[in-house]
Amino acid sequence: DAADDTAGVFAVGVDPAQGAIVVHELLRNARQAVTGIANPVIVVRATPASAEGWRLVVEDNGRGFTDLE
C-alpha cells in the first residue's frame with residue numbers, strides 16, 4: 001500500500017563522500033546480519049524519490065537487533 005511505502009522515510013542532504021560511507025556501512029551491517037544464515041539474502045534498491053534525490057533501501061533476512069545491541 002502506498003501509505004506504508006513512505007513509513008519511516010525522511011530526506012537528508014549529505015556530502016557524496018559521507019553518503020558513500022553510509023551506504024558502505026548499510027551493506028556491511030547487512031552482510032554481518034546474514035552471516036551463518038542458511039540462505040542469505042541481501043536486496044538493494046535505489047529508486048528516484050524526487051527531482052533531487054533517491055530512495056535507497058537495503059534489506060536482508062538476517063537476525064535483527066536485540067535490545068542489547
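**Close-up views of a predicted model**

**Figure 1. Overall layout of the protein chain.** The protein chain holds 2 helices and 2 strands. The model is a predicted one. Along the sequence, these elements come in the order α-α-β-β. Of the 69 residues in the protein chain, 9% are buried. The chain exposes about 5800 Å², and 58% of that area is supplied by carbon and sulfur atoms. When contacts between residues at least 6 apart in sequence are taken, 33% of them join residues at least 24 apart.

**Figure 2. Confidence along the protein chain.** The mean pLDDT of the chain is 84. A value of 70 or more is reached by 81% of the residues. Strand β1, residues 42-48, has the highest confidence, with a mean of 94. Confidence is lowest in helix α1, which covers residues 2-5 and has a mean of 51.

**Figure 3. The second largest pocket and its lining.** This pocket contains about 260 Å³ of space. Its lining is made up of 11 residues, and those closest to the pocket centre are N29, A30, A33, D60 and F65. Two or more lining residues come from each of α2 (16-34) and β2 (54-60). Helix α2 provides the largest share of the lining, with 5 residues. By residue class, the lining of the second largest pocket has 5 nonpolar, 3 polar and 3 charged members.

Figure 4. Beyond its neighbours within four places in sequence, E59 is in contact with V41, I42, V43 and R45. Of these contacts, I42 and R45 fall within the residue range of strand β1, 42-48. L26 is also included in the view: L26 and E59 are separated by 33 residues in sequence, and their C-alpha atoms are 9.2 Å apart in space.

Figure 5. E52 is placed in the loop that lies between strands β1 and β2. With a relative accessible area of 73%, E52 is classed as exposed, because the exposed class takes residues over 50%. G13 is shown with E52, and the two residues are 39 apart along the chain. The separation between the C-alpha atoms of E52 and G13 is 9.9 Å.

Conventions: Residues numbered from 1 in each chain as written. Predicted model: local features only at pLDDT ≥ 70, side-chain atom pairs only at ≥ 80, totals over all residues. Heavy atoms only, no water. 1 Å grid on protein atoms, 1.4 Å probe; cavity = no way out; pocket = protein on both sides within 12 Å on 5 of 7 lines; lining within 4 Å. Points joined across faces, edges and corners; volume = space filled by probe spheres on them. Helix = DSSP H or I, 4+ residues; strand = E, 2+ residues; numbered from the N terminus. Nonpolar A, V, L, I, M, F, W, Y, C, P; charged D, E, K, R; others polar. Buried < 20%, exposed > 50% of the residue type's maximum accessible area, 1.4 Å probe, protein only. Contact = heavy atoms within 4.5 Å. Areas by Shrake-Rupley, 256 points an atom, 1.4 Å probe, with all protein chains shown as cover. pLDDT = per-residue confidence, 0-100.
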